[in-house]
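The following explanation is intended to be read alongside the sequence and the coordinates. Please keep both in view.

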Amino acid sequence: MAGTQALVALPKGGGGGYEVQTFDIEGYSLSAPGKLKYPATDLAAEVAADGRVSVFGKLALQNGTAEVNQVWQVGPVSSGSMVPHAMSSDNKAAMGKLNLLTGAATSSGGGGSNLRKKNTHGILNAVSWGLLLPMGAIFARYLKTFKSADPAWFYLHVACQLIGYGVGVSGWATGIHLGNLSKGITYSLHRNIGITVFALGTLQIFALFLRPKKDHKYRIYWNAYHHSVGYTIIILGIVNIFKGMSILNVEQKWKTGYIITISILGGIAVILEAVTWSIVLKRRKEENKSYNGASNGHLPLSM
């Protein structure tokens, strides 16, 4: 494409990997390699296990450049020289924009497989860490206050957490795979939070097998651990979901939809918090009355 500053990975002679050549394209055909309009350094190419070739390098752009257009192609080589690539609809649509401030990339087409993987990664994690786990926590904290909901609240809680963890592991694994495909761009904070959430979630699963009985003296400490780690997972999970949305540069309607969903769950939690506290206080008041009445009816004889 005319005006493109191209980085091209070509196989070296003798099967010695790939080398990166630069082309300042002014027409609709490639001439000899030449310098780009921007200084390019640390150019390299790497072949992944699946045969994909990744190109790495540093470009010194003009100050204030926040977004650039990008195009990409893949084509055959004959006798060490490039030949025209295919002209299918995917090839013609292989273009997009790259935000240099956030690292987010948008695509008009081509690269659809990776985009689908990114979307799948986001959906899996939003549903698991961002919806199912908060719902499970709501069941555990509030439904157990109602005697008629026992033990249903426990099974609902466990079901939400186990399903959420299973879906979350799938989303986490997809993220690790995407990271391996994109070694040139690393979202360190997003990745580290994701690893932390996965590790804490796994710890919660194993902790279920070490849960003391209700009357055990260590049960209070287990409960404190279980609650604190659980709430930490939910908070970090939600934070990381918004980080992921920023990286994917999703449309505002999806962010708004998730915010509304989380707000509804939060509103339900606030209402149930007030209701359950009123029930608990009422029970305590009734228990105190019963205790005082029993004491007044059985006064010890004076001596």
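The model is predicted. An unreviewed UniProt entry lists residues 122-140, 152-173, 193-210, 222-242 and 257-281 under "transmembrane region". Two of these spans may be compared with the model itself. Residues 122-140 are 100% helix and 0% strand, with 26 Å between the end C-alpha atoms. For residues 257-281 the content is likewise 100% helix and 0% strand, and the end C-alpha atoms lie 36 Å apart.

Helix α2, which covers residues 112-142, contains asparagine 125. Asparagine 125 counts as buried because its relative accessibility is 11%, under the 20% limit. Its side chain forms a polar contact of 3.0 Å with the side chain of tryptophan 129. When residues up to four places away in sequence are set aside, asparagine 125 touches Gly130, Gly168, Gly171, Trp172 and Ile241.

Attention now turns to the second largest pocket, which holds about 880 Å³ of space. Its lining consists of 30 residues, and those closest to the centre of the pocket are Ala140, Trp153, His157, His226 and His227. Two or more lining residues come from each of α2, α3 (152-181), α4 (188-208) and α5 (219-248). The largest share, nine residues, is supplied by α5. By residue type, the lining of this pocket comprises 16 nonpolar, eight polar and six charged residues.

Conventions:
Residues numbered from 1 in each chain as written. Predicted model: local features only at pLDDT ≥ 70, side-chain atom pairs only at ≥ 80, totals over all residues. Heavy atoms only, no water. Helix = DSSP H or I, 4+ residues; strand = E, 2+ residues; numbered from the N terminus. Buried < 20%, exposed > 50% of the residue type's maximum accessible area, 1.4 Å probe, protein only. Polar contact = N/O pair within 3.5 Å; in protein donor to acceptor, adjacent residues only side chain to side chain. Contact = heavy atoms within 4.5 Å. UniProt positions renumbered as here; feature names shortened; annotations may be inferred. 1 Å grid on protein atoms, 1.4 Å probe; cavity = no way out; pocket = protein on both sides within 12 Å on 5 of 7 lines; lining within 4 Å. Points joined across faces, edges and corners; volume = space filled by probe spheres on them. Nonpolar A, V, L, I, M, F, W, Y, C, P; charged D, E, K, R; others polar.
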